[in-house]
Amino acid sequence: MDIHAIFFKGETLNILELFIRTSILYFVLFGSTKVMGFRQPGILTSYNFLMAAGISHITASRMVNPKSRLVDAISITVVYTLINLFISYLYFKAPSVVSQKPIILVKNGKLIKNNLSKAKLTIDNLISILRQKDALNLEKVEYLIAEATGDFSVAVNNNNLPITKIDMAIEPSQDILSQILIYKGKIDEKILKKNRLNYDWIEKELKSNNIDNINDIYLGLLTSDKKLYISP
Amino acid sequence: MRVFGVIKDISLAGYLIRTFVVGIIAFFVGRYLSKRTVSQLTAYDFVLVWVLGALTVAPLLDGEISFTYIVVPLLTLFFWHYVISSISLKNRKLSLFFNGKPIILIDDGKIIRKNLKKHFINVDLLMSELRLKNIFDIAEVKYVILEPNGHFSIIKYQPHRPVTPTDLNLIAKPVDLPLVIINDGKLFEENLIKCGVDKEWLMNNLAMYNIEDITNVYLATIDSFKKLYISKKA
């Protein structure tokens, strides 16, 4: 095995050296996605999609191409990541420069023809989008907006939405975010403190569930009404 | 004719045979990956899928890329992926490191600016994600959480949530997964037995739909109240 060869020569590598070369690139890529991770698949704009495809292709073809050197691959990935970071920073700092504006397609049940062609949508596209968003009736759509992420948001007339508790004047009860409090017998102290609970409270909850040893608990969830849900 | 190994001038037939081999490899790569659905992928998985795709087809780009040069990297990636997945299952802290943590963006109605900044999410993007979840008034929102797979979980304040049967002290029908008893004219007797009915009962009921022969039924399901759903072959 020749460490120099792994970094500077691509054509003469044996299987072990190839394994090491790929492993190094794998962790470089891992680090790069870790740094860029803020823009994740769920919030991909077309630009992010392009970047993800690009960086994957760079590393992939560098992994396999016998003519390419590892040093090149690492440097390219790092610089590419930095560029992406910089642009994402711009998205946050100066959104007016880089990010696209949402386009309003339907307003108060009326089509805005100009914007429809701006978003490059045919009328059939539009009807299909409405169907997918459960808005079957165009006249009941207050707003249809083409978002910068490539998805669409629909606001239907409030009279056509499910009744909410406020409409019925129903008193709200206690309501917090459900969290993992106990995992494999270990208590998460941070969550305990944040919710102003203590060990006595846990002990009381355990007793009411007939559990003597906390180590018997695989998962203890703090539910939204501040009770302990236990799964042994 | 040479197909495998490093070839300077590969013939068209050589490429076609390679395509065939790549197709088979791609099938197995996909098989390995399909354990997690695409929408559950974290940023890191997402890139990995792209890399695997690009790796697999590499012998088709250039005759000089031999199959050794793709099989070794493929196995290496699988190896590390396997190692990281098993570590993640064993240790929760490392799992959070590898797969990412959920990040709270709005906590009890308050926007956590620090977290927005850290993840380069501007207000436009936040509002647009809320709109995508049918929320046009940010004041209705109690919690927003950015999940590791990049999706936003949004929890509204209670008064803005739909009324449920509990609010009205009603008792709703329990959740029921109907069983398939006939699929494309074929009867599944074990599902009949599970519901405590027999074939005779079924035939009697089918007669009410003017069906004499099971083979005329495309799909039939039964729920725990022995209610049938029947769709005939057209």
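**Exercise 1: Two helices within chain B**

In this predicted model, the axes of H3(B) and helix H4 (residues 92-99) of chain B come within 6 Å and cross at roughly 135°. Classify the orientation of H3(B) and H4(B), and state which residues make the contact.

*Solution.* 
1. Angles over 145 degrees count as roughly antiparallel and those from 65 to 115 as roughly perpendicular, while the rest, apart from angles under 35, count as oblique.
2. The crossing angle is roughly 135°; H3(B) and H4(B) are therefore oblique to each other.
3. The hand of the crossing of H3(B) and H4(B) is left-handed.
4. H3(B) contributes B:Ile84, B:Ile87 and B:Ser88 to the contact, and H4(B) contributes B:Leu94, B:Ser95, B:Phe98 and B:Asn99.
5. Sorted by class, this contact of H3(B) with H4(B) holds 4 nonpolar and 3 polar residues, with no charged residues.

**Exercise 2: A helix pair across the two chains**

Describe how helix H2 (residues 15-36) of chain A packs against H3(B).

*Solution.* 
1. The axes of H2(A) and H3(B) are 9 Å apart, at an angle of about 55°.
2. H2(A) and H3(B) are therefore oblique to each other.
3. The crossing of H2(A) past H3(B) is right-handed.
4. On H2(A), the contact is made by A:Ile15, A:Leu18, A:Phe19, A:Thr22, A:Ser23 and A:Tyr26; on H3(B), by B:Val72, B:Pro73, B:Thr76, B:Leu77 and B:Trp80.
5. The class count for the contact of H2(A) with H3(B) is 8 nonpolar, 3 polar and no charged residues.

**Exercise 3: The side of chain B that touches chain A**

Which element of chain B gives the largest share of the side that touches chain A?

*Solution.* 
1. In total, 45 residues of chain B are in contact with 53 residues of chain A.
2. Two or more residues on the chain B side come from each of helix H2 (43-57), helix H3 (67-90) and helix H6 (123-132) of chain B.
3. H2(B) gives the largest share, 8 residues.
4. By class, the chain B side comprises 26 nonpolar, 11 polar and 8 charged residues.

**Exercise 4: The overall form of chain B**

What radius of gyration does chain B have, and what would a compact globule of 234 residues have?

*Solution.* 
1. Chain B has 8 helices and 8 strands.
2. Its radius of gyration is 27 Å, whereas a compact globule of 234 residues would be near 17 Å.
3. Along the principal axes, the C-alpha atoms of chain B fill a box of roughly 75 × 60 × 35 Å.
4. Buried residues make up 21% of the 234 residues of chain B.

How values were computed
Residues are numbered from 1 along each chain as its sequence is written. Chains are lettered from A and ligands numbered from 1 in the order in which they are written. This is a predicted model: local features need pLDDT of at least 70, side-chain atom pairs count only at pLDDT 80 or more; totals for chains, interfaces and linings use all residues. Two residues are in contact if their C-beta atoms, placed from the backbone, lie within 7 Å. Helices (H or I, at least four residues) and strands (E, at least two) are DSSP runs, numbered from the N terminus. Ala, Val, Leu, Ile, Met, Phe, Trp, Tyr, Cys and Pro count as nonpolar, Asp, Glu, Lys and Arg as charged, and the others, Gly among them, as polar. Axes are lines fitted to C-alpha atoms, for helices over the stretch in contact, and angles run from 0 to 180 degrees between N-to-C directions. A crossing is left-handed if the near helix is turned anticlockwise from the far one by less than a right angle, and right-handed if clockwise. The radius of gyration is taken over C-alpha atoms; the globule rule is 2.2 Å times the number of residues to the power 0.38. A residue is buried if 20 or more other C-beta atoms lie within 10 Å of its own, exposed if 12 or fewer, and partly exposed in between; C-beta atoms are placed from the backbone.
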